[in-house]
Amino acid sequence: ASARQVNIAIIGAGGVGKCFLSQLESLAARRQNQKLVLTYIATSKKAVYSDSYSPIALDSVVSTLSSSSQAPLALPKLVDYLAASGTKTVLVDNTSSQDIADAYPSFLRRGISIVTPNKKAFSGSYKLWQDIFAAKEEGGSLLYHEASCGAGLPVISTIKDLVETGDEVTKIEGVFSGTMSFLFNSFAPTSGSGGGKWSTEVAKAKELGYTEPDPRDDLNGLDVARKLTILARYAGLEVESPTSFPVQSLIPKQLESVASGDEFLARLPEFDAEMEEVKAEAQKEGKVVRFVGSIDVASKQVKVGLEKFDLSHPIAALKGSDNIISFYTKRYGSNPLIIQGAGAGGDVTAMGVTSDLLKVLAQL
Ligand code: NHO
């Protein structure tokens, strides 16, 4: 029998998107009983597709895309285009676009499955969250977003497994940002003195590519708040939005409105003394400071910010830009289920997307 065909449509070809494309190429070559056909790919400026859904060659897709003169389809048109193919289709959203996230219900309702590292759909309004899962039911489509929390680490699948097998999650805590992890592991290392000035570490993290182009997008805590919103919802809390609970921003008030990321970095040394004080206060208690998030299910408390940890605590001992997420549940008692490892980077994030695609393919 000939292999069944599954069409793939991709939006986004940046850091994560390019890594995903190379993983997809090798997956398509290895796939025995399914023929994976790329029928649409777009960035914010360009697209490649045809009315006859002809396959776009995976080995040259990046150059085909950059030399294309086609514009991306508007989202309602894209839904119609994909639904009209008559072939099972998976949409891979490798953007961080809220507009695309807002359109998930219209894709899912038409039977188009979605895999994505984009946090916006699951950490936006609670209404969007409900609409998405209702549309998925209605359309009989599939939806996976492992890489929206902890890159390729099995965080979303773990909380879903815990809840769906009847365990009760009581508390979740951890370090959810690769950037924040790197910053505090080097600013306040557990090994004695060490640790440069706060502003120096932020500049270094930016140089190494660990921060967003404007480091304020990491330091405001919103990225962590989005991840906690997603996990809290799976744990059963109706969190309204990522701004509906306390989130500590590490951006000094006076620098919130400076025009550019560069100006922000240039003025950050003025505030080194404040961060030095935070570090010293923890040191007095024999502890280190870390930027963490926590969810207490019984008291419905979600919070994000600085906390002090004993040097022997697993959160204090993290390395590099690793994440650590501890799940406290009825079954696991006082010894939490802990997931730890690289929490940022193109290849590991794309791995989360590719493994989601495999889960979808197994069910199509
Ligand atoms: P880029 O490199 O900016 O690429 C975005 C692509 O989307 C571009 O091709 C752009 O043209 C396209 N695009 C944007 N808007 C569009 C639109 N409306 N229509 C069509 N195309 C559009 O972004 P990345 O880095 O490749 O990220 C892609 C997605 O993965 C984002 O949702 C991001 O949040 C998510 N993600 C990235 C990472 C990472 O390490 N880069 C992680 C998780 C998820 O685990 C990582 C993480 O959380 C990092 C975090 N900063 C941390 O913990 O420190």
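## Ground rules

Because the model is predicted, local features need pLDDT of at least 70 and side-chain atom pairs count only at pLDDT 80 or more, while totals for chains, interfaces and linings use all residues. Residues are numbered from 1 along each chain as its sequence is written, and side-chain values use heavy atoms, with hydrogens and water left out.

Helices (H or I, at least four residues) and strands (E, at least two) are DSSP runs, numbered from the N terminus.

## Two helices against α12

Let us start with helix α12, which spans residues 222-234. Helix α7 (residues 126-139) packs against α12 at an angle of about 55°, and their axes are 12 Å apart. Axes here are lines fitted to C-alpha atoms, for helices over the stretch in contact, and angles run from 0 to 180 degrees between N-to-C directions. The pair α7 and α12 is therefore oblique; angles under 35 degrees count as roughly parallel, over 145 as roughly antiparallel, 65 to 115 as roughly perpendicular, and the rest as oblique. On the α7 side, Y126, W129 and F133 meet I230, R233 and Y234 of α12, with contact meaning heavy atoms within 4.5 Å. Sorted by class, the residues of this contact are five nonpolar, no polar and one charged. In this scheme Ala, Val, Leu, Ile, Met, Phe, Trp, Tyr, Cys and Pro count as nonpolar, Asp, Glu, Lys and Arg as charged, and the others, Gly among them, as polar.

Helix α8 (residues 156-164) also packs with α12: the axes come within 10 Å and cross at roughly 20°. That angle makes α8 roughly parallel to α12. The crossing of α8 with α12 is right-handed. I156, I159, K160 and V163 of α8 meet I230, L231 and Y234 of α12. The contact of α8 with α12 consists of six nonpolar residues, no polar ones and one charged.

## The α9 and α10 pair

Helices α9 and α10 have axes 10 Å apart and pack at an angle of about 135°, and are therefore oblique to each other. Their crossing is right-handed. From α9 come F182, L183, F184, S186 and F187, and from α10 come W198, E201, V202 and A205. By class, that contact has seven nonpolar residues, one polar and one charged.

The loop between α9 (178-187) and α10 (198-207) holds A188. A188 is buried, at a relative accessible area of 4%; buried means under 20%, exposed over 50%, and partly exposed in between, with a 1.4 Å probe and protein chains only. Setting aside residues up to four places away in sequence, A188 touches K279, V288, V289 and R290. A188 and L143 are 45 residues apart in sequence, and their C-alpha atoms are 39 Å apart in space.

Strand β10 covers residues 322-329 and includes I324. I324 has a relative accessible area of 0% and is buried. Leaving out neighbours within four places in sequence, the contacts of I324 include E173, G174, V175, P314 and I339. I339 lies 15 residues from I324 along the chain, and the C-alpha atoms of the two are 5.7 Å apart.

## Cysteines without a bond

How many disulfides does a search of the whole structure find? The search finds zero, a disulfide being a pair of cysteine sulfur atoms within 2.5 Å. The sulfur of C19 is too far for a bond because the closest cysteine sulfur, in C149, is 19 Å away. C19 is buried at 18% relative accessibility, and C149 is buried at 0%.

Y53, although not a glycine, has a positive phi of about 55°. Y53 sits in the loop between β3 (47-49) and α2 (61-66) and is buried at 18% relative accessibility.

K300 is not a glycine either, and has a positive phi of about 55°. K300 is placed in the loop between β8 (287-296) and β9 (301-310). Is K300 buried or exposed? With 64% relative accessibility, K300 counts as exposed.

Definitions and conventions. A crossing is left-handed if the near helix is turned anticlockwise from the far one by less than a right angle, and right-handed if clockwise.
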